[in-house]
Amino acid sequence: MPRSTAPSTHPAPALPDNAGWQQRSANALWPPCTQTIRLTKAPPLPIASGKGVWLTDYAGQRYLDATSSWWVNLFGHAHPALNAALSRQLDTLPHVMLAGCTHAPAILLAERLAALTGHALQRSFFASDGASAVEIALKMSVHFWRNAGLAEKSEFVCVSNGYHGETVGALGVTDIALFRTAYAPLLAASHVVPSPDWRQARPGETRHDVALRAAGQLEALLEQRHSHIAALILEPLVQCAAGMAMHDAAYVREARRLCSKYGVHLIADEIAVGCGRSGTFFASELAGVWPDFLTLSKGISGGYLPLALVMTRDDIYQAFAHDDPARSFLHSHSYTGNALACTAALATLELFDEYAVLERNHARSGLIWKALETGLQPWIQAGLARHPRRQGMIFAFDIDPARAGNRFAESFHLAAREQGLLLRPIGHTVYLMPPYVIDDDEIRLMVGRTLTTLQKIIPLPGAHHAFA
C-alpha cells in the first residue's frame with residue numbers, strides 16, 4: 001500500500017544531547033585506536049556538524065579541528081566545492097566495479113596524479129585505505145621479483161618506529177610494539193634499520209649527519225642481504241605515528257640511491273605526509289627523487305570518502321602482462337576506484353590549483369611556526385618542552401617524559417576540549433596538523449589555546465593562563 005502523504009500529528013522525537021549520544025555510543029560502538037576501559041574517563045566527543053576548521057557538538061559548542069580529523073580533512077569540513085562535486089556525481093554514477101569496467105573519475109584522477117609526478121609514476125592501482133595500499137605495494141614488489149625469476153627476493157626492510165598500518169601485512173613492516181605485540185604470531189619478520197630521526201643527534205651532529213649515519217646502516221644491511229630483499233618502505237620526511245619524528249631529506253635521497261645500487265624497490269608511504277602536508281604535493285619531491293611505489297590515502301579525497309592508491313612505474317606494470325594468470329596481479333576489493341571517492345579526489349586537486357594552496361600553505365606555516373615557537377620558549381627554557389619542529393603544515397613539540405606521565409595524551413586532549421580545541425597528542429608529543437583553510441584569526445586561536453592547555457597540564461610559574 002502507498003504511504004499516506006498527510007502530515008503526521010505526532011511531534012518528531014527530540015535528538016539526544018551530548019550525554020545521550022555518548023551513552024548510545026558506549027552501548028553500540030567499538031571505537032578505533034582507543035583503550036576502551038578509559039571511555040568513562042574520556043568519553044568521545046559527539047559531533048553534530050562541521051564547517052571549515054570548526055566542529056560543533058550537540059550542545060552548540062565549537063571546537064577548532066587542529067588535527068584535520070586524523071589528517072584527512074585538508075580543506076576543512078563541508079567545503080562547498082567538494083559538496084557540489086559529489087552531489088553532481090551522485091546523480092550520475094556513485095559506483096561501478098573496476099574489474100571489467102572503467103569510468104571517467106578513476107581515469108582522470110590517475111592521469112592527473114601521473115602528471116604531478118612528471119609521469120615518473122604512470123600507473124595507479126586503487127584501494128580503500130592506507131593499510132591496504134601498503135599491502136598492495138608489498139605484494140606488487142614481491143610478485144614483480146617472482147615474475148623476474150627472483151622469487152628469493154621476498155623480504156622487506158622498514159625503519160625503526162615506522163608505521164604503515166594495522167592489517168596483518170602492513171603490521172609486518174610497522175615497528176611500533178604497541179600495535180605489533182599481540183599479533184606477533186601472525187606477522188612476517190622484517191629487517192628494521194635505524195630511524196634518521198634528528199632528535200637522536202649525537203653531540204656535534206647536524207640533522208644531515210643523522211640522516212647520513214642512518215643511511216650508512218641501511219647500506220650495511222642491503223650490501224649483505226640485497227639478494228633476498230624485495231623492498232624498503234619508509235615515510236619520507238616525517239614518521240607521524242612515531243611522534244612526528246622528522247628527518248633530513250638527505251635520507252630519502254640516499255635510500256633511493258642505495259635501492260637502485262642494490263636492486264631493491266623503494267616504497268614511499270606518503271599516506272600521511274603527501275597531498276601537500278610536507279610542503280610540496282608529494283613529500284618525495286623535496287628530496288628530488290621518485291620511489292618505485294608511492295602510496296596515498298587520507299587527504300587525497302579531502303576527508304570525504306575512503307580512498308587509497310598505489311602509484312608505480314609503467315615498466316613495473318608491464319612485468320605483470322602475461323597470458324599466465326599466475327603472473328598477473330589479481331588483488332582486488334569491491335569498492336576499488338569508487339566513482340564518488342575519485343570525484344572527491346579530483347575536486348580536492350582542483351582546490352590546490354584554484355587557490356594556489358602550496359604557496360598559501362608556505363605563508364600559513366610561517367605564521368603558525370612563529371607563534372608556536374615564540375609561545376613555547378618559557379617551557380623550553382625551563383626544560384619542560386623540547387624539540388620544537390615543523391615540516392610544511394606539520395608542527396610538533398615534545399614534553400619532558402618525566403613531567404608528562406602515563407596519561408599525558410589523554411589529559412591534554414580533554415583539557416584542550418575545554419578550550420574548544422580538538423587535539424590528540426601521540427605519547428608525550430603535541431602536534432598540530434590543521435586544515436589548509438585556516439585563517440589568521442584561527443591560527444591565533446589554535447596556537448593560543450594550545451599554549452593555554454599546556455599551561456593547565458604543565459604549569460609554568462609566572463606564565464599567563466590565557467594566551468588567546
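The model is predicted, so local features need pLDDT of at least 70 and side-chain atom pairs count only at pLDDT 80 or more, while totals for chains, interfaces and linings use all residues. Residues are numbered from 1 along each chain as its sequence is written, and side-chain values use heavy atoms, with hydrogens and water left out.

The charged contacts come first. The structure holds 17 salt bridges, a salt bridge being a side-chain nitrogen of Lys or Arg within 4 Å of a carboxyl oxygen of Asp or Glu. One of them joins Asp353 to Arg112, with the closest N and O atoms 2.3 Å apart. Because Asp353 belongs to helix α12 (residues 339–354) and Arg112 to helix α4 (residues 104–116), this pair ties together parts that are 241 residues apart in sequence. Helices (H or I, at least four residues) and strands (E, at least two) are DSSP runs, numbered from the N terminus. Asp353 counts as exposed, at 52% relative accessibility. In this scheme, buried means under 20% relative accessible area, exposed over 50%, and partly exposed in between (1.4 Å probe, protein chains only).

A further salt bridge is formed by Arg123 and Asp314, whose closest N and O atoms are 2.7 Å apart. This pair links distant parts of the chain, 191 residues apart: Arg123 is in strand β4 (residues 123–127) and Asp314 in helix α11 (residues 314–318). Arg123 counts as partly exposed because its relative accessibility is 31%. Elsewhere, Asp197 and Arg199 meet through their side chains in a salt bridge (3.0 Å, N to O). Asp197 is buried, with a relative accessible area of 5%. Both residues belong to a network of salt bridges that links Asp197, Arg199, Arg389 and Asp398.

Rings of Phe, Tyr and Trp (its six-membered ring) pair if their centres lie within 6.5 Å; planes under 30 degrees apart count as stacked, over 60 as edge-to-face and the rest as tilted. Phe282 and Trp290 form an edge-to-face pair, at 5.6 Å centre to centre and 80 degrees between the planes. Phe282 is buried, at 0% relative accessibility, whereas Trp290 is partly exposed, at 24%. These two residues are part of a cluster in which ring pairs link Phe75, Phe281, Phe282, Trp290, Phe352 and Tyr436.

Two tryptophans carry a charged side chain over the ring face. Lys153 lies over Trp145, at 4.6 Å from the ring centre, and Arg207 lies over Trp198, at 4.2 Å from the ring centre. The criterion is that NZ of Lys or CZ of Arg is within 6 Å of the ring centre and within 35 degrees of the ring normal.

Turning to the cysteines, a search of the whole structure finds zero disulfides, defined as pairs of cysteine sulfur atoms within 2.5 Å. For Cys275, the closest cysteine sulfur is in Cys240, 12 Å away, which is too far for a bond. For Cys342, the closest is in Cys275, at 13 Å, again too far for a bond. Cys275 is buried, with a relative accessible area of 2%, and Cys342 is buried, with 0%.

Ser227 is in the loop between α8 (207–225) and β7 (229–234). Its C-alpha atom is separated by 8.0 Å from that of Gly263, 36 residues apart along the chain.
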